[in-house]
Amino acid sequence: MNDNGKNLLEKITDLDPELITGAEKKPRRISNLFIGITSGMATLAAAALIAVAINHNLPTKPPIVDTNSSAPSSGESSDSATDSNNSSTSTSQEPASDPPQLDFSEYSYLPVISFKGRVTLGGKGGGTLESLYSSELEISSPWNGADLKTMPVYMSGSTETPDLDRMYARVKEIAAVLGIPENSLTITDSYEDLTSSIEQQRKLAKEAGATPEEIEALVDRMLRYMNSMTYVEAETEGISIHLNSAYAAQILFSDPVELPEVYNFTSNATTAERDEALSYLAEKYKELTGYADPMPGQSRFYGDYVYEADGELKEQIVNYWINTTHFSFTESSDNLDVIWIYSDSALEKLDDYPILTAGQAEAMLKSNKYDDDNRMPADAKILKTEMVYYNMAGSTAVMPYYEFYVATDIEPDGNYDVICEVYSIAAVPEEFIDMETTDYGVRA
């Protein structure tokens, strides 16, 4: 085994799967903008290309359409949910209820989703605190509580050997759109063949008495980590292009690109000014992004952005989270220095799977599946409910989750308006997930 292989194995030994699945999460920047890059048919004509204005009055809990009568609807809020002065997370003394009994037998033909390597699925109780502006408590996603029976689940193939030829081709494609001649590019990659290292680890694990399942989990984990660290990079004078195994591309300008003086996209720009700058960028980078109908989006990881709203509702929801292009400006200026293009190019659709309603997911998080410290309180003041997708380098599957933002009485720092405790759970029911291959989250 070479030194690189040894170093990699040392890193893998104590590797937390969450470090892999969260590796591509970027900190929120107020001066960020995203533009979507997929295609389809437009259906969100009623939505405007705006960033929601900051409002220091906390919104009431948004309505959630939930037609299931066996579980409380996420739209049924208490009167106190509108009282920002008393927004605290209280620990309910009531005994936890049993989880809702749901019947998804009509979908029994669907294959069970295997995550391999015991990765963290993402369903968890409380514990994640998020500082938010009140504008971030508005649901701007196309989901907005829609009553959907199924949503797509994708496999990333990230436990397979990266397709370097395809990654090289994608980098060259981006360069061509930017007008960079291929013969001026210096292209390199970080790929390392771990075949011999994997075989040695198989042998050592077998000699140590590991089961075949444990050995395969180790191999999957090694490959997943390797792929999360694999990238292709192209450089030329003034510009570099970096592409990871999830096909997220970073275009870095050593000399930032200035917006024309008539546009303003600094952190203190008005909504109208940001809309004007957005329209200009949408046209300037039209060939690079390839969108047909841009719409604004907002997430706690990415800030403000625009996604491709072309297509049916399910497509729009997926695009909102994992098909975007992020234009990053230098602090307090209109100088564009980085473009991040996020894509579902590395994903293969497994199928459309049944999902919990928001009300069923809320009831699950309040049930005895979670211990007292991680269970959502029965009287939790939910300020926002969102359906999300995340496509991180190194993940094995991409699927929908629900996130519930519960008010706390913690005083926010700086200009933030509220600190929420975030509860999340996979929208896909457990019976469709191979629980032996994943850590589903905190349980009682």
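This dialogue walks through some features of a predicted model.

Visitor: What are the mean pLDDT of the chain and the share of residues that reach 70 or more?

Guide: pLDDT is the predictor's confidence in each residue, from 0 to 100. The mean for this chain is 74, and 70% of its residues reach 70 or more.

Visitor: Which elements have the lowest and the highest mean pLDDT?

Guide: The lowest mean, 29, belongs to strand E1 (residues 32–34), and the highest, 96, to strand E5 (residues 186–189). Over residues 1–92 pLDDT stays under 50.

Visitor: How many helices and strands does the chain have?

Guide: The secondary structure comes to nine helices and 18 strands.

Visitor: In what order do the three strands of the open sheet stand?

Guide: The order is E13-E4-E15, with antiparallel pairing. Strands E13 (348–354) and E15 (397–398) are the edge strands, as each pairs on one side only. Strand E4 (residues 150–155) is joined to E13 by six bridges. In that pairing, Tyr154 stands opposite Lys349 in E13.

Visitor: Which helix packs on the sheet?

Guide: Helix H8 (residues 313–322) does, touching E4, E13 and E15. The direction of H8 makes about 45° with that of E4.

Visitor: Which residue forms a salt bridge with Lys314?

Guide: A salt bridge needs a side-chain nitrogen of Lys or Arg within 4 Å of a carboxyl oxygen of Asp or Glu. Lys314 forms one with Asp352, where the closest N and O atoms are 3.8 Å apart. The pair links distant parts of the chain, since Lys314 is in helix H8 and Asp352 in strand E13, 38 residues apart. Asp352 also forms a salt bridge with Lys349, at 3.0 Å between the closest N and O atoms.

Visitor: Is Lys314 buried or exposed?

Guide: Buried means under 20% relative accessible area. Lys314 has 19%, so Lys314 is buried. Asp352, at 22%, is partly exposed, and Lys349 is partly exposed at 45%.

Visitor: Where do Glu173 and Arg170 lie?

Guide: Both are in helix H3 (residues 164–177), three residues apart, about one turn of the helix. Arg170 is buried at 18%, whereas Glu173 is partly exposed at 43%.

Visitor: How many salt bridges does the count come to?

Guide: The count comes to nine.

Visitor: What share of the chain's residues count as buried?

Guide: Of the 444 residues, 53% count as buried. The accessible surface of the chain comes to about 20,100 Å², and 47% of that belongs to carbon and sulfur atoms.

Conventions: Residues numbered from 1 in each chain as written. Predicted model: local features only at pLDDT ≥ 70, side-chain atom pairs only at ≥ 80, totals over all residues. Heavy atoms only, no water. Pairing = 2+ DSSP bridges. Helix = DSSP H or I, 4+ residues; strand = E, 2+ residues; numbered from the N terminus. Contact = heavy atoms within 4.5 Å. Axes fitted to C-alpha atoms, helices over the stretch in contact; angles between N-to-C directions. Buried < 20%, exposed > 50% of the residue type's maximum accessible area, 1.4 Å probe, protein only. Areas by Shrake-Rupley, 256 points an atom, 1.4 Å probe, with all protein chains shown as cover.
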